[in-house]
Amino acid sequence: MKVAQNNAEKFLWDSMRGPAGNPIAAAAASQAKILPKLMVWLMLFVSATYVVYTLKLVSSSHGGGGGAACDEDVFSNRRQTLHLVAAAAANATILPTFEKAPPQPEKTGVEHIVFGIAASAKLWEKRKEYIKLWWRPEKKMRGIVWLDSPVKTRRNESGRLPELRISGDTSRFAYRNKQGHRSAIRISRIVAETVRLGGMENVRWFVMGDDDTVFVTDNLLRILNKYDHNQYYYIGSLSESHLQNIYFSYGMAYGGGGFAISYPLAVALEKVQDRCIQRYPGLYGSDDRMQACMAELGVPLTKELGFHQYDVYGNLFGLLAAHPVTPLVSLHHLDVVEPIFPNVTRVEALRRLKIPMQLDSAGLMQQSICYDKRNDWTVSVSWGFAIQVFRGVLSPREIEMPSRTFLNWYRRADYTAYAFNTRPVMRNPCQKPFVFYFSRARTELSTNQTLTKYTHHRLPQPECRWKMASPGEVDTVEVYKRPDPHLWDRSPRRNCCRVISSKSKRMVIDVGVCGEGEISEV
């Protein structure tokens, strides 16, 4: 009985181990054979569906029909197109696309400016000569001279001067400054009165000045073209006197040196100025009244150093020979200072300055510093004005500072009362400069250069014991320079000068844009 039971268990065990006798294993084996076939059929079905769907899309995009030949053409064309696109993407350089640049606005010219000139009948006969020096009606200049009372006019001057008008009555405005004069109210209203005249088209700027102000109009345009005339701008400069700026304001444009107001600001000023002036009866002059109204409008002074008030006495040589690196825009107080060239009248001196001004206004008075290595001299060129030659080597840092050939507006003040750095006149007899003033000029057409000549202004020189060549032996200095109307379109930088020769009582210098790596050094 036990043996029969063991045999039965062995039979069951062997049946479970054998493939035929294991129903679970048999089912698994059957599924293993069927699954690959199902996967193949599934893939065929998906592929067939994809092909049919694609053919329908192609046939519908071409209006249907066409048969197998059309399908073959479509796929052939598609393959060629894809091939060409791929090749183009691989080999072609993708060029960036740029939006069309907006048209450049027209540059400001003298025809876009209206000048307002403050004058008095008492000084008109003398000071109108200054206006004639810079007024150019043939250039479509517009402007008005505002006087306190009528003056005599001459027929031959009608085209050489701006229109003359009498300022409006200001008796209704209070004036309580005991040190000033109430004409300040009249002068402060010139811009507003000019705006009220109307009938002026295409005006961008109003420029104020005095009857003893001389403008370099080309350089004025260079300054104004830096700014957007559609915005509020109040452009000018300060006094040379630190005390003047303290008493009045370091945020005020001095009217004698000239200042510019954009058209929208002038219109806004005209609407409020009379009310504004009534609030400041204690102010001294016209300039501080103007600045007070600008403060109420919230417009600060934009400073441009080329506007020169020249609140000084004496000789301007030190200031003009070391002009800051900016265009020369204006000169003022010409009746107070000495003539800028020696041995001539003030008007004659300014007429001489017009010669280089017409040749190269951008470079007028611009300083260049170089060295005559053969003679150990330092040379400072103020183009169109004067040249200084020093014995020995002086640094550019020293030479670019104005020498104190002038006196402060406040006669008791010393050199600390200037609003800029100055240096004393050389005390060492061997380092006193030899000065050569501009005398004449011409244009070299073959080289497109200007040739300016400077004549030695001989003065008694103290004895010098240095054993070296003396610049006193030089009679004339010739300077070659190529006109550079775009000088101020670049970042500010002094031009460089090079001493070409210095022998036979004649020195030759070349002035121009500094080369790569060129600096003022020995």
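A salt bridge here is a side-chain nitrogen of Lys or Arg within 4 Å of a carboxyl oxygen of Asp or Glu. Keep in mind that this is a predicted model. By that criterion, the structure holds 26 salt bridges.

Let's start with arginine 196. Its side chain meets that of glutamate 270 in a salt bridge, at 2.7 Å from N to O. Where do the two residues lie? Glutamate 270 is in helix α9, residues 263-278, and arginine 196 is in helix α6, residues 190-197, so this pair ties together parts 74 residues apart in sequence.

Arginine 196 also forms a salt bridge with aspartate 274. The closest N and O atoms there are 3.4 Å apart. Aspartate 274 lies in helix α9 and arginine 196 in helix α6, so this pair ties together parts 78 residues apart in sequence.

Next, arginine 494 and glutamate 400. Their side chains meet in a salt bridge at 2.8 Å, N to O. This one involves loops. Arginine 494 sits in the loop between β17 (476-481) and β18 (496-503), and glutamate 400 in the loop between α13 (396-399) and β14 (406-408), so the pair ties together parts 94 residues apart in sequence. Arginine 494 counts as partly exposed at 22% relative accessibility. Glutamate 400 is partly exposed too, with a relative accessible area of 39%.

Last, a network. Which residues does it link? Salt bridges connect Glu125, Lys128, Glu129, Lys132, Arg154 and Glu157.

Conventions
Residues numbered from 1 in each chain as written. Predicted model: local features only at pLDDT ≥ 70, side-chain atom pairs only at ≥ 80, totals over all residues. Heavy atoms only, no water. Helix = DSSP H or I, 4+ residues; strand = E, 2+ residues; numbered from the N terminus. Buried < 20%, exposed > 50% of the residue type's maximum accessible area, 1.4 Å probe, protein only.
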